[in-house]
Amino acid sequence: MLKLRLLLSILPSPLIRCAQGRSDQAKSVRLFQKSCKMSEEQHLKEIPAEANEPLKRPSEGKPDLGEIGHVDKKLKSDAEEQKKFPKRKVVLLMAYSGKGYHGMQRNVGSSQFKTIEDELVKSLVKSGCIPENHGTDMKKMSFQRCARTDKGVSAAGQVVSLKLWLIDDIMEKINGQLPSQIRVLGLKRVTGGFNSKNKCDARTYSYMLPTLAFAHKDQEKQDDGYRLSKETLERVNKLFTCYKGTHNFHNFTSQKAARDPSARRYIMEMFCEEPFIRQGMEFAIIKVKGQSFMMHQIRKMIGLVIAVVKGYASDGILERSWGEEKVDIPKAPGLGLVLEKVHFEKYNKRFGSDGLHEPLDWADEEEKILAFKEEHIYPTIIQTEREEQSMVNWLGTLHIHDFEATASGAQNSKVGPQDDEDEGNGSD
């Protein structure tokens, strides 16, 4: 140590200051490097683990992870919410005024013609009874209508079967999404394999018409002032009674061969009720119940009776129309035709009292059905008849029909599938 001090005392002052400077500089560099290393270690400890993972480039055209997570959570939440409610097979009792709609059946993929089922499916989705994809593919909810009413035809007792979630206040929520001229009036649980079309034993239709349709062609009064007499009403019902039983109705539809077994149909009852007056015009309602009906059959059955009562055709034409000869039968207007009720008598007998299912008779809904008809169906028929006079105009065409002419065997060459009246009422 003494030698070092002696050496420093000998060296020049500038040289000593230079050596000290380099020593201080090296010391400073070592301190800076140590500080940087400590800062880096501390920084790495503070950053979350996922930040140290390598960055991945998101696929083009796809949302980022955050957005996907949000959507997945929403869908999962909706699905979990619906799982709280049981999914069951049910039937819905429907009533609707057909004016402004192109029939009952939905045409998926076609928005040109609005149907009753379009409105129903939309309401089921919005109310949370079915998922949206069941609305585009109705087979997924096992949907089946009992009758496919045609353009402008109304219903007071249509029944459809389907699977849906039994949400709280279900009927109120469905009706809340429907227009006022379409209503669900009842809902009942049914067996898992229930099909409203196949399980239907019979169907009842009504036909509302102005009674002037029964005024004889030689009678002077052919206007709103006409009133149906008791004698004429009895004659009308006597003719309608002739339809009861099983007959060959090949002349009461189109493209049906005379010897086609499917042309034989069973009619249970047909009659005309007492007339009533609305807006100064007298109307009456015809009821007909049968196992099934071919297209146009009901309207031709009514049209032929009108032709006989008015004096254009003889009483014997009814018997002749059930033979193999082709008979010219007029088709009454579509306005006034209403699907009144569908019957499930065999189903009710087997399952209606099993303690698990209710009978499908809708007795408790009768008041609601009648109220709907009085508010939406009857006023529409009456107003449309007054404005368009469809019955009056049709009556003016009866004289062009040749009720005596026949064409033997003319239909035997036409054999092909023919939809039931329930499958398309043919309001053209």
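Good morning. I begin with Gln105, which is partly exposed, with a relative accessible area of 26%; the term covers values between buried, under 20%, and exposed, over 50%, with a 1.4 Å probe and protein chains only. This is a predicted model, in which local features need pLDDT of at least 70 and side-chain atom pairs count only at pLDDT 80 or more, while totals for chains, interfaces and linings use all residues. Residues are numbered from 1 along each chain as its sequence is written, and side-chain values use heavy atoms, without hydrogens and water.

Gln105 sits in the loop between strand S1 (87-96) and helix H4 (116-126); helices (H or I, at least four residues) and strands (E, at least two) are DSSP runs, numbered from the N terminus. Leaving aside neighbours within four places in sequence, Gln105 is in contact (heavy atoms within 4.5 Å) with Thr115, Glu117, Arg145 and Arg148. From C-alpha to C-alpha, 8.1 Å separates Gln105 from Asp118, and the two are 13 residues apart in sequence.

I turn now to the pocket. Rolling a probe the size of a water molecule over the atoms shows where empty space is left. Which residues lie nearest the centre of the largest pocket? They are Lys151, Gly152, Gly334, Leu335 and Glu388, among 21 lining residues. A pocket here is an open set of points on a 1 Å grid over the protein atoms alone, where a 1.4 Å probe fits, with protein on both sides within 12 Å along at least five of seven lines; lining residues have an atom within 4 Å of a point. Helix H11 gives the most to this lining, with four residues.
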